[in-house]
Amino acid sequence: MRFRNELSLAHQAAALKGRFAGTRVHRDRSSLTWRASLQPTPLSREYDVRISYKLGEYPKVRVMSDLDTRPGEQLPHMYRNGTLCLHMPGEWRPDMFIADSIVTWTCEWLLHYELWLAGGEWLGSGEELDE
């Protein structure tokens, strides 16, 4: 089902390229894929991230870089398919720019990941959901 004020893939791609110079966006008729290196803080490492978006669905974010875990623990706020859990259902809408929402939320997730890795507690908000 199409959302009434859904942004076009061309608008989403232009916003991503405009806000993040030097990144790549691949787009076809019904989907786009954006790949970039994100560094959540100046002290953080860089992470290779891929965002896939199909019209009518939520954007899916996957960290392509290796992510360490704590001994005996699984990565928190991550779906079984390896994509990040960034928001509750309904918090992201197709009239929102991925560049302003999903990319920002991804950087926040990466920061919370680094803090969890160092201290063992997930300091971000939200609930872990199964997908």
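**Figure 1. Trp 109 and Tyr 113 in helix H2.** Trp 109 and Tyr 113 are 4 residues apart in helix H2, so about one helical turn separates them. In this predicted model, both Trp 109 and Tyr 113 are buried. A search of the whole structure finds 7 aromatic pairs. Trp 109 and Tyr 113 form an aromatic pair of the stacked kind, with 5.7 Å from centre to centre and 5 degrees between the planes. Both residues also belong to one aromatic cluster, together with Tyr 47, Trp 116 and Trp 122.

**Figure 2. The pair of Tyr 53 and Trp 92.** The ring centres of Tyr 53 and Trp 92 are 5.5 Å apart. Their planes meet at 75 degrees, and planes over 60 degrees apart count as edge-to-face, so this pair is edge-to-face. Tyr 53 lies in strand E3 and Trp 92 in the loop between E4 and H2, so the pair ties together parts that are 39 residues apart in sequence. Tyr 53 and Trp 92 are both buried.

**Figure 3. The largest nonpolar core.** This core has 29 residues. Those with the most contacts inside the core are Ile 51, Ile 98, Trp 109 and Tyr 113. At least two core residues come from each of helix H1 (9-19), strand E2 (31-38), strand E3 (47-54), strand E4 (60-63) and helix H2 (102-119). H2 gives the most, with 6 residues. Setting aside residues up to four places away in sequence, Ile 98 touches Gln 12, Leu 16, Ile 51, Tyr 53, Pro 59, Trp 92 and Val 103.

**Figure 4. The buried side of helix H1.** Leu 9, Gln 12, Ala 13, Ala 15 and Leu 16 are the buried residues of H1. These residues lie on the same side of H1, because they cover an arc of only 160 degrees around the axis. Among the elements that cover them are strand E1 (24-27), E2, E3 and H2.

Figure 5. Leu 9 is in helix H1. Its relative accessible area is 5%, and residues under 20% count as buried, so Leu 9 is buried. Apart from neighbours within four places in sequence, Leu 9 is in contact with Arg 27, Asp 28, Arg 29, Ser 30, Ser 31, Leu 32, Tyr 53 and Leu 55. Between Leu 9 and Glu 108 there are 99 residues of separation in sequence and 24 Å in space, C-alpha to C-alpha.

**Figure 6. Leu 117 in helix H2.** Leu 117 lies in helix H2. With a relative accessibility of 27%, Leu 117 counts as partly exposed. Residues touched by Leu 117, leaving out those up to four places away in sequence, are Asp 68, Thr 69 and Arg 70. Leu 117 and Lys 17 are 100 residues apart along the chain, and their C-alpha atoms are separated by 31 Å.

Figure 7. Ser 101 is buried, at a relative accessible area of 3%. Leaving aside neighbours within four places in sequence, Ser 101 is in contact with Trp 92 and Met 96. His 77 is also in the loop between E4 and H2. The relative accessible area of His 77 is 7%, and this residue is buried. Although not a glycine, His 77 has a positive phi of about 55 degrees.

**Figure 8. Cys 85 and Cys 107.** The structure holds 0 disulfides. Cys 85 is in no disulfide, and its nearest cysteine sulfur is that of Cys 107, 17 Å away. A disulfide requires sulfur atoms within 2.5 Å. The sulfur of Cys 107 is therefore too far for a bond, with 17 Å to the closest cysteine sulfur, in Cys 85. Cys 85 counts as buried, at 7% relative accessibility.

**Figure 9. Arg 19 and the ring of Phe 97.** The charged end of Arg 19 sits over the ring of Phe 97. The distance from this charged end to the ring centre is 5.4 Å.

How values were computed: Residues are numbered from 1 along each chain as its sequence is written. This is a predicted model: local features need pLDDT of at least 70, side-chain atom pairs count only at pLDDT 80 or more; totals for chains, interfaces and linings use all residues. Side-chain values use heavy atoms; hydrogens and water are left out. A nonpolar core is a set of buried Ala, Val, Leu, Ile, Met, Phe, Trp, Tyr and Cys residues joined through side-chain atoms within 4.5 Å. Buried means under 20% relative accessible area, exposed over 50%, partly exposed in between (1.4 Å probe, protein chains only). Contact means heavy atoms within 4.5 Å. Rings of Phe, Tyr and Trp (its six-membered ring) pair if their centres lie within 6.5 Å; planes under 30 degrees apart count as stacked, over 60 as edge-to-face and the rest as tilted. A charge sits over a ring if NZ of Lys or CZ of Arg is within 6 Å of the ring centre and within 35 degrees of the ring normal. The arc is that of the directions from the helix axis to the C-beta atoms.
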